[in-house]
Structure formats: C-alpha cells, structure tokens
Amino acid sequence: MAQTTNISAASSFIKPVKAWWKSGNVMQIYPSSYKDTTGTGTGDIPGIQSKIPYMKDLGIDIVWLSPIFESPLYDMGYDISDYRQVDPRYGTNDDLLSLFSALHSQGMKCLLDLVVNHTSHQHAWFKEARSSRTNPKRDWYIWRDAVIGPNGERIPPNNWKAAFEGSCWEWDEGTGQYYFHLFLAEQPDLNWENPDVRGAIYEVMRFWMDQGCDGFRMDVINLISKNTTFPDAPITDPGQFLQNGFSPNGPRVHEFLQEMHREVCEHYDMMTVGEVPGTGPQEMLLFTRPERKELQMGFTFEHVEVGLNAMHRKVVDPWPLTAFKTIINSWQVTMEQGGGWHALYIENHDQPRSISRYANDAPEWREKSGKLLALMHMTLCGTVYIYQGMVNVPNTWPLEEFKDVETQNFIKALKERGVPDVEAMQKRVFAKARDNARVPMSWDASPNAGFSTGKPWMRVNDDYKEYNAKNQMDDPKSVRSFWKMMLKLRKEHESLIYGSFTMLSNDDERIFAYTRSGVDDNGTTLHYLVVLNFTDQPVTYHIPLDAENLGNASLVVDTYGEEVAILKDQVTLRAYEGVLYQLWL
Ligand code: TEU
C-alpha cells in the first residue's frame with residue numbers, strides 16, 4: 001500500500017510573523033518595455049504612472065522598477081552612471097517622485113533596483129578611478145597588475161570568465177593595470193573592501209528612502225564580497241584559458257549586509273529583497289533570518305536553472321518534473337524550518353516566459369498552462385512577485401531582434417569555438433534568452449501593441465492582436481482574470497501565504513501535489529490541498545493523505561473553472577489542470 005501522510009497530526013508548524021512585505025503582491029516592471037508616453041519607442045515613468053489603475057485592478061500592492069537611473073545601457077540599465085539621477089529616457093527625478101506619491105495615494109509602494117556590485121564604466125567614480133593610479137577613487141574599484149607570460153605577453157591576473165563572456169579583467173591602457181568586472185567590461189565591480197565605497201552606497205540608499213522609496217531589490221548582492229586573492233579557477237573547460245571561477249557569497253558578504261542593515265535598513269519601514277545567484281537554501285537562511293539583520297528575503301536561482309545544460313548554461317535540456325518539485329520542496333521546507341522567508345518568482349527580466357519554460361506554450365495549452373503555473377505560484381509560502389506575462393517570442397526571429405548583450409555575446413562565443421550546428425543551438429539559446437521577457441508590453445490590438453506611437457526599441461510580440469491586456473481584461477476566463485482572482489484569494493486565505501508546506505507523492509512525474517496548513521486569526525487550523533497536472537494527458541491521482549473524509553473537501557479553485565470532486569481519495573485532472581481544495585480534517 002502506498003505511504004500516506006497525516007497532515008493534521010503534523011500541524012505543529014511554525015507560525016511566521018505577519019508583515020506587509022510578506023503579504024503584499026509585488027509586480028516587477030521593466031521600464032523600457034512598459035508604456036511609452038512620448039513616442040520615443042522606450043517606456044517611461046509617466047507611462048508607468050498611467051497604468052496604476054491597471055495594476056491596482058489586478059491586485060498589486062508593491063511595484064518594483066528595474067533600473068531607471070542614468071545609464072549608457074550596455075546592460076539595459078544594470079550599468080548605472082549616476083545613482084541619484086533618473087535617466088532622461090525615462091523622465092526626470094520629479095517624475096519618479098510623482099510616481100511615488102501616486103502609488104502611495106493608492107496605498108501602494110515602490111521598490112527601486114539597487115545595482116551596487118558594479119557601476120557603469122561611465123560613472124564619475126570610475127572615470128576618476130581610471131584617471132590615474134594615485135587618484136583618491138582608484139581603490140573604489142579592483143585593480144591588479146598584469147601577469148607577464150614567458151614571451152613577455154600580458155596575461156590577466158587570473159583565468160576567470162565573466163558572466164557575459166570574455167575575461168573578468170579588462171586592461172586599462174591609460175594606467176597600465178587590469179580592472180575587475182564580473183559582468184561586462186562596461187560594468188566595473190566596486191571594491192566593497194573600501195569603507196568609503198560602502199558609505200557612499202548607504203548614502204544613495206538613504207537619498208532615495210528619504211524621498212519616498214519603500215525599499216530595494218538588490219542586484220547580485222551576494223557577489224559584493226570577493227576572495228581578494230583571486231585564485232585561478234580549476235580547469236573544467238579543457239583547452240580554454242577562461243574558466244568559470246567566481247564563487248558567490250564571499251568571506252565578508254554577511255558582514256557587509258549587516259552593516260548596511262545597521263546603517264540604513266533598520267532606520268526605515270522598508271522592504272529588502274536580494275538577488276542571490278548560486279545560493280542554496282541553507283545559505284539563504286543566513287541572508288534572511290530576521291535575527292541576523294541582513295535581508296528580508298532573496299531570489300533563489302535553483303528552480304529557474306532546472307535542466308540547464310552543464311556545458312552550455314544558456315540552453316535547457318529535458319528535465320523531469322521531480323527535479324523541479326525537489327527544488328521547490330527543499331526551499332519551502334528549509335525556509336520554514338529555519339525561519340527564513342521566500343521571494344517567489346517564476347519569471348523576471350532575465351528568464352524566459354514561465355509558460356514556455358515550465359509547461360506548454362502550444363496554442364491549445366498556453367491558457368491552461370498559464371493558469372496551472374499561476375495556481376502553483378499563488379499557493380506557495382512567501383512573497384509573490386509577478387511580471388508582465390506572455391509566452392516566448394517565436395524562435396524564428398532573426399538574431400538581430402535579440403537585443404540582449406548576453407545572447408549576442410554567447411552566440412558569438414559559440415561561433416568562435418566552432419560549435420557544430422550553431423543554427424540549431426541558436427534556437428535553443430533563444431528559448432532561454434532574456435529578451436523573451438523584455439519585449440514591449442502588449443496593451444491592446446492597436447499598432448505597436450498600444451505600447452508606443454513611435455518605433456518600439458524592441459520588436460513587439462507577434463501575437464499582440466490576440467494576446468493583449470485589453471482582451472485579457474475583457475475576458476473573465478482569461479489568464480489575467482485568473483491571476484486577478486488568485487491575487488485576491490490568496491489574501492483571503494492567509495494560510496496560503498504563511499502556512500506550512502508538505503509535498504506529497506515526491507516521485508510522481510506527472511503531478512505536483514502539496515498541502516498548506518496554517519492557523520487563522522481565531523486560532524483555527526486550516527488545511528489546503530493543491531494538485532497540479534503537469535502533463536498534456538488526463539491523470540487520475542490517488543491522494544496519499546491519511547484522512548477519512550477527503551471527500552468532504554471544498555473546491556476553492558479549479559483552473560478549468562469547473563467542478564472537480566474528490567471521489568473517496570482520488571481526483572481526476574485534465575491536461576494541465578490544477579485544483580485547490582480546502583480540507584476538513
Ligand atoms: O542578474 C544576475 C544574474 O545572475 C544574471 O547574470 C543571470 O544569471 C543571467 O542573466 C541569466 O541568463 C542581474 C540582473 O538581473 C541582470 O539583468 C543583470 O544583467 C546582471 O545582474 C548584472 O547587473
């Protein structure tokens with residue numbers, strides 16, 4: 001007989017302290033692609049402000065803006081040249097303050113993107129630093145002498161490969177030294193070892209907090225501390241000089257974040273979410289346990305990296321559902337037991353669209369898949385982050401339509417390496433490409449998807465006439481209407497936010513099922529069951545719960561919008577169907 005789980009007996013779960021930044025629904029906005037009000041083809045802050053009613057209607061409480069600061073845009077604003085100045089493409093500082101006020105007047109909040117592992121090479125700090133070896137700002141960045149090879153040739157200080165290809169070291173002709181950059185050469189890393197650098201960052205944070213910002217999403221914040229000996233990486237790519245060598249979570253990362261907390265965060269009622277690539281759940285606890293006074297939550301990468309090809313990390317191999325489930329389970333359980341907190345996301349500006357990545361974007365399944373993923377996302381423990389959703393762009397678009405430097409550089413590197421069948425590989429790269437998430441928002445069926453009256457900076461998605469926000473709002477059965485319903489429902493059933501998570505049927509390759517258990521304000525214990533069919537076939541699922549009266553369960557949500565009953569201890573789901581029940585145990 002299959003093993004069963006008794007959740008009512010196991011209900012001695014830890015009850016997290018409630019907070020606005022836990023229950024608030026966050027929407028990430030990619031400013032360039034949201035809404036253009038000036039006809040330049042690039043989205044702007046007044047455009048974002050004009051869509052507050054849209055966000056409010058959806059059920060959004062908190063808006064996170066990807067970078068809107070002055071930038072030469074080598075990496076779409078993740079290369080900032082002035083932390084205190086809004087880039088003129090997006091508007092003015094006054095526009096941003098007006099957006100803060102408009103959001104606040106609706107009871108909403110605004111997070112800014114704090115990109116302080118690196119600056120732009122055009123930041124005044126870097127310009128000063130590279131002006132001479134004796135400039136007082138020289139040490140604000142990381143400089144090293146060249147290694148001289150056997151034939152007198154110049155070799156970088158170590159063999160680390162940068163995130164966007166090439167060496168992590170860029171030669172500076174003017175001063176005869178290399179500087180360090182984990183991303184592009186146009187994104188030199190700040191030297192966090194220098195207390196003046198840290199002080200300057202904290203000042204920037206206070207500058208925006210004092211003007212009405214409500215917190216920060218912190219870009220690659222676990223990369224700020226480096227092993228300052230910069231040891232060579234072991235060879236994992238034989239025959240090449242450059243190797244993947246950088247390890248995140250350097251020796252002083254927690255010390256720096258605790259200092260940031262003391263200097264800035266603890267003085268405000270603010271929200272902090274760190275982007276922490278390469279971090280497992282145990283390490284995440286060090287960042288997010290409240291008593292450690294670092295961050296409130298962090299974006300993990302394991303689930304968005306499921307199935308990545310070991311050699312080419314920009315393409316995805318087939319992966320079993322159990323691999324994905326195991327990752328979600330380990331995070332849910334570890335955060336709960338260790339007293340950390342989750343930042344839940346399945347999409348952002350760096351990831352392909354979730355429907356294409358995790359379910360099925362074929363026309364007959366995209367709507368069902370979208371609702372299935374929404375139901376999963378909205379029934380996990382943590383703070384929910386959502387993003388303007390669609391499916392991937394067609395992989396038949398030519399390479400020029402992919403604007404992102406990551407994709408462009410990667411394809412170039414593949415060609416240089418002489419990888420066979422680059423064409424086929426390119427299509428696989430497109431399926432994972434960040435640009436899938438960066439196309440302009442499809443607002444309606446008018447030219448340029450209602451995004452801009454000018455030529456959009458990036459091609460709009462081909463299907464905008466059918467799939468756009470207006471059509472979705474008008475249709476009570478649309479994916480957007482489903483999200484709207486779920487964003488509200490999650491608040492009405494708070495155990496879905498704070499409750500305990502128990503995965504069922506760990507080895508099932510078709511079904512992702514779990515329970516959530518919590519205590520309401522009256523002290524009553526509530527139990528929920530979620531069953532998600534990740535296949536394109538009907539599945540009859542035996543619910544492995546040790547409970548007499550499963551048949552009394554009330555259906556809270558079915559993604560097909562129909563009645564699906566539990567018969568004794570079984571439920572039959574159609575393709576990509578998901579259900580949420582409240583159990584009466
Ligand atoms: O991303 C960090 C990061 O880990 C990415 O390199 C990610 O792994 C990759 O893009 C997946 O394909 C942050 C920002 O979110 C990203 O947009 C920036 O390019 C990057 O930092 C540098 O600031």
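Let me start with Ser-33: leaving aside neighbours within four places in sequence, Ser-33 is in contact with Gln-388, Arg-438, Val-439, Pro-440, Met-441, Phe-451 and Trp-457. Contact here means heavy atoms within 4.5 Å.

A word on the source. This is a predicted model, in which local features need pLDDT of at least 70 and side-chain atom pairs count only at pLDDT 80 or more, while totals for chains, interfaces and linings use all residues. Residues are numbered from 1 along each chain as its sequence is written, and side-chain values use heavy atoms, with hydrogens and water left out.

Back to Ser-33. Ser-33 sits in the loop between strand 1 (26-29) and helix 2 (45-50); helices (H or I, at least four residues) and strands (E, at least two) are DSSP runs, numbered from the N terminus. Its relative accessibility is 0%, so Ser-33 counts as buried. For the terms: buried is under 20% relative accessible area, exposed is over 50%, and partly exposed is in between, with a 1.4 Å probe and protein chains only.

Not counting residues up to four places away in sequence, Ser-81 touches Glu-70, Ser-71, Pro-72, Ser-120, Gln-122, His-123 and Ala-124.

Now the ligand. Which residues come nearest to the ligand? Of the 18 residues around it, they are Asp-75, Asp-219, Asp-350, Glu-406 and Arg-434. The cut-off for near is one heavy atom of the residue within 4 Å. By class, this shell has 6 nonpolar, 3 polar and 9 charged residues. Ala, Val, Leu, Ile, Met, Phe, Trp, Tyr, Cys and Pro count as nonpolar, Asp, Glu, Lys and Arg as charged, and the others, Gly among them, as polar.

On individual distances, a polar side-chain atom of His-118 lies 2.9 Å from an oxygen atom of the ligand. For Asp-219, an N or O atom of the side chain is 2.8 Å from a ligand oxygen atom. For Arg-434, the distance from a side-chain N or O atom to an oxygen atom of the ligand is 2.8 Å. The protein covers 91% of the 490 Å² of accessible area that the ligand has on its own, by the Shrake-Rupley method with a 1.4 Å probe.

In helix 8 (residues 281-288), the buried residues are Pro-281, Met-284, Leu-285, Phe-287 and Thr-288. They are on the same side of helix 8 because they cover an arc of only 160° around the axis. The arc is taken over the directions from the helix axis to the C-beta atoms. These buried residues pack against helix 7 (253-263), strand 13 (297-299) and helix 9 (321-338).

In helix 13 (residues 422-432), Val-422, Met-425, Gln-426, Val-429, Phe-430 and Lys-432 are buried. Their arc around the axis is only 160°, so they lie on the same side of helix 13. The buried residues of helix 13 pack against helix 12 (405-417).

Last, backbone angles. Most residues other than glycine have a negative phi. Val-220, in the loop between strand 11 (215-218) and helix 7, has a positive phi near 30°. Val-220 is buried, at a relative accessible area of 5%. Asn-448 also is not a glycine, and its phi is positive, about 55°. Asn-448 belongs to the loop between helix 13 and helix 14 (469-474), and is partly exposed, with a relative accessible area of 23%.

How values were computed
A polar contact is a pair of N or O atoms within 3.5 Å; within protein, one must be able to donate a hydrogen and the other to accept it, and residues adjacent in sequence count only if both atoms are side-chain atoms.
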